[in-house]
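Student: I would like to work through this structure with you, one question at a time, before I plan anything around it.

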Amino acid sequence: MAQKPSIPKGTRDFSPVEVQRRQYVMNTIKHHFEHYGFMPIETPSFENSDTLLGKYGEEGDRLIFKILNNGQYLSKVNDQDLQSKNEYKVSPQISKRALRYDLTVPFARYVVQHQNDIAFPFKRYQIQPVWRADRPQHGRFQEFYQCDADVVGSDSLLQEVELVKLYDAVFSDLKLDGCTIKINNRKILAGIAQMIGAEDQLIDFTVALDKLDKIGADKVKEEMVQKGISETAIEKLNPVFSLQGDFATKLQVMRSLLSESEIGLKGIEELEFINHKVVKLGLKSATLDLDITLARGLNYYTGCIFEVAAPEGVKMGSIGGGGRYDDLTSMFGLKNVSGVGISFGLDRIYLVIEELGLFPDSVRAGVDVLFINFGDKEAAHAMDLVFRFRDNGIKTELYPEATKTNKQMKYADRNQIPYVILLGEDEMAAGALLLKNMETGEQELLQPEAVIEKFK
RNA sequence: GUGGUUGUAGCUCAGUUGGUUAGAGCGCUGGUUUGUGGUGCCGGAAGUCGCGGGUUCGAAUCCCGUCUUCCACCCCA
């Protein structure tokens, strides 16, 4: 072997067991999406650059993978821009397409493009990979799967309620108990900013506030001062920094704090409605928690925002996120269509389930039964039975070579095949099969019909 | 994008102040009565020590660059 091949950073190969387990997670999510009435769509891996650029903020633009044009792409570049080595000026001239960064923006594009064929409200789900030129870390990749469910064309807060229930249903089904669905509302954040006279600095303000549980109140205040927010304004935020108690209690504190802000109170009302309904319906294993510091960088959100934290003790960033966006489709020319959606981070959910040892044993690649190959004559007979078994829904294979039994048994063992059938001269003469349970080592001589019955 | 960290056989890792033919465990492979795996015993193959430069009589070991890994920022799923 000369130079070892490799794959780009932040990407992975998946072994048979890994693929099987990923499909288990994916199928669970998909099952619940469909159960809730979402319909599947798919969009291209890459979009026109202008569809994506400018939708995720400055940071987002930097993380979008740009695709180099084909042909003589350099010949058309403005010489001056090329000389100046200004990538912001050159990159649009040499790249007209980019890999999708998430599933929400391509969906908004889809809705606008197909608006005449869509019956609103439109509920779609989408499970596809996305790409980000981020620096890899644990649970952070350059290629990863998102599983999104979105509703467009409905202002009803019942959608938010349904999405909270959907999160709970999926995580409960995956036995991932103890997830926290954090919820907040951009209107509340806007209200606070308004109250402290920092309306123009909403983004700076929320980004700083978002770090509260990570760096503490003092550092957050420091950062806000740095961003030009006045000290007296920050003093007014003290109730926010020390917010405690259950959902209703926290909401009460925020209500009095925001009594002067119309938009802030609207946000409070929305959350109250959602919480009330969710409490009434009940959650199986997740907890809905009001997190006033939750901001989320994606700047197209306008109402409720969600983020899901893994069960306590697991070191992992958010395993899901979402929110309401009132204006996303207007960027593509379709006004007054509100959307709300959530996303499941498949790869992170996988890592959490793995860490907690929650994958069922039944999630396994490979067959149920292996026929040992004793030679041409025996193999020919075995093949008949292999197909008969398969027709009866039993995953079956015949070892392709008549090598030593030892080796064939090892193969079965390595591949965690639960049963092996020995069909040699003696068994053929008796018209029977020797079925061996690889876990217990027990063997029994059975008629083929009896084996088929056993697997039903 | 910023700072740090890692890279030695298929895998997990040793490798002493730079000094002969670079080691171990697991795995793989062959044998151990030619129809029986997961725990035995004996043997074997396998590494331009991430890649490219440099210092040196001599580099896995020191220096620089580069890629990769993981971590902290940033941001997020």
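Student: Which residues does the UniProt annotation "binding site" cover?

Tutor: This is a predicted model, in which local features need pLDDT of at least 70 and side-chain atom pairs count only at pLDDT 80 or more, while totals for chains, interfaces and linings use all residues. Residues are numbered from 1 along each chain as its sequence is written, chains are lettered from A and ligands numbered from 1 in the order in which they are written, and side-chain values use heavy atoms, with hydrogens and water left out. UniProt positions are given in the numbering used here, feature names are shortened, and annotations may be inferred rather than shown by experiment. According to the unreviewed UniProt entry, the annotation covers Asp-102, Leu-103, Thr-104, Arg-132, Gln-146, Asp-150, Arg-296, Tyr-300 and Tyr-301.

Student: Is Gln-146 buried or exposed?

Tutor: Gln-146 lies in strand β6, residues 143-152, where strands (E, at least two residues) and helices (H or I, at least four) are DSSP runs numbered from the N terminus. Buried means under 20% relative accessible area, exposed over 50%, and partly exposed in between, with a 1.4 Å probe and protein chains only. Because its relative accessibility is 11%, Gln-146 counts as buried.

Student: Which residues is Gln-146 in contact with, leaving aside its neighbours within four places in sequence?

Tutor: Contact here means heavy atoms within 4.5 Å. On that basis, and with those neighbours left aside, the partners of Gln-146 are Asp-102, Leu-103, Gln-126, Ile-127, Gln-128, Val-130, Arg-132, Ser-343 and Phe-344.

Student: Where is Tyr-301 found, and which residues is Tyr-301 in contact with beyond four places in sequence?

Tutor: Tyr-301 has a relative accessible area of 7% and is therefore buried. The residue is found in the loop between β8 (287-290) and β9 (304-309). Neighbours within four places in sequence aside, its contacts are Arg-186, Arg-296, Gly-322, Gly-323, Arg-324 and Tyr-325.

Student: Which residues touch the most other members of the largest nonpolar core?

Tutor: A nonpolar core is a set of buried Ala, Val, Leu, Ile, Met, Phe, Trp, Tyr and Cys residues joined through side-chain atoms within 4.5 Å. The largest such core has 105 residues, and those touching the most other members are Phe-33, Met-254, Ile-319 and Phe-344. The largest share of this core, 8 residues, comes from helix α7 (residues 158-173). Apart from it lies another core, of 16 residues, including Leu-385, Leu-433, Leu-446 and Val-451.

Student: How far apart in space are Leu-288 and Lys-182?

Tutor: Leu-288 is found in strand β8, and its relative accessible area of 11% is why the residue counts as buried. Beyond four places in sequence, Leu-288 touches Val-164, Ile-181, Ile-183, Phe-247, Asn-275, Val-278 and Leu-283. Although Leu-288 and Lys-182 are 106 residues apart in sequence, their C-alpha to C-alpha separation is 6.0 Å.

Student: What is the volume of the second largest pocket?

Tutor: On a 1 Å grid over the protein atoms alone, a pocket is an open set of points where a 1.4 Å probe fits, with protein on both sides within 12 Å along at least five of seven lines, and lining residues have an atom within 4 Å of a point. The lining includes Ser-49, Glu-58, Arg-62, Lys-66 and Tyr-88, and α3 (57-63) and α5 (87-94) each supply at least two of its residues. Grid points are joined across faces, edges and corners, and a volume is the space filled by probe spheres set on the points. For the second largest pocket, this volume is about 380 Å³.

Student: Which peptide bond is cis?

Tutor: Most residues other than glycine have a negative phi, and most peptide bonds are trans. Pro-121 is placed in the loop between α6 (104-113) and β5 (122-131). With omega near -5°, the cis bond is the one from Phe-120 to Pro-121.

Student: What is the phi of Lys-175?

Tutor: Lys-175 is found in the loop between α7 and β7 (180-185), and, because its relative accessibility is 51%, Lys-175 counts as exposed. Although Lys-175 is not a glycine, its phi is positive, at about 65°.
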